[in-house]
Structure formats: C-alpha cells, structure tokens
Amino acid sequence: MARPRKNITIDYAAIDAAPTGTMHKIAPIAEQAGASGPTVRDRLAEHYGDRITFKRGRKGGFVVTGAMEPVAAE
C-alpha cells in the first residue's frame, strides 16, 4: 500500500506574481510549507510542468516562464 501524500500548502500566487524569469529559492518555500526541499521541488514540477526550470548549485533555484499562448490554426 502506498504511503499517503503529505498535505502541504505552497503559495503559488506569490510565485506567479513575481516578474517572469525571476530566480526563486526552494529553501524558504519549503520552510514556509513545513516540508523538505525535494518534496517542494516535486510539487512545483507537478504544478508548473514544462514551464519550470531548476538550476543546481549555490546560486540555484528555479525559474517559471510565462504561460504559452495557443497558436490559432488558419
């Protein structure tokens, strides 16, 4: 039997309100949510899908790109 998912609350509105291309840190979000960094990273990847890019290292974090507009067929 699978382990139930921990119920954590991430403030996606604050991330979306930041200008496009802004580097965000995972640690403060994880601390605010009361979860580990890898758990928050998984939830962010699940929520944003292909729009999120993670960067490793001391200056790392993640960047969320703008939503893609659908292309109209002619």
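**The aromatic rings and their surroundings**

Modeller: Arg 41 lies over the face of Phe 54, at 4.1 Å from the ring centre; the criterion for a charge over a ring is that NZ of Lys or CZ of Arg is within 6 Å of the ring centre and within 35 degrees of the ring normal. This is a predicted model, in which local features need pLDDT of at least 70 and side-chain atom pairs count only at pLDDT 80 or more, while totals for chains, interfaces and linings use all residues. Residues are numbered from 1 along each chain as its sequence is written, and side-chain values use heavy atoms, with hydrogens and water left out.

The ring of Phe 54 also pairs with that of Phe 62: the centres are 6.2 Å apart and the planes at 55 degrees, so the pair is tilted. Rings of Phe, Tyr and Trp (its six-membered ring) pair if their centres lie within 6.5 Å; planes under 30 degrees apart count as stacked, over 60 as edge-to-face and the rest as tilted. Phe 54 is partly exposed at 23% relative accessibility, whereas Phe 62 is buried at 0% (buried is under 20% relative accessible area, exposed over 50%, partly exposed in between, with a 1.4 Å probe and protein chains only).

Strand E2 (residues 52-55) pairs with E3 in the antiparallel sense over four bridges; helices (H or I, at least four residues) and strands (E, at least two) are DSSP runs numbered from the N terminus, and strands pair if DSSP finds at least two bridges between them. Lys 55 has Gly 61 in E3 as its bridge partner. Five residues separate the two strands of this hairpin, and Gly 57 in the turn has a positive phi of about 105 degrees.

Two aromatic pairs are found in the whole structure. Tyr 12 and Tyr 48 form an edge-to-face pair, with 6.0 Å between centres and 75 degrees between planes. Tyr 12 lies in helix H1 (residues 12-17) and Tyr 48 in helix H3, so this pair ties together parts 36 residues apart in sequence. Tyr 12 is partly exposed, at 22%, and Tyr 48 is buried, at 5%.

Ile 15 is in contact (heavy atoms within 4.5 Å) with both Tyr 48 and Phe 62, and with Ile 10, His 24, Ile 29, Leu 44 and Val 64, leaving aside neighbours within four places in sequence.
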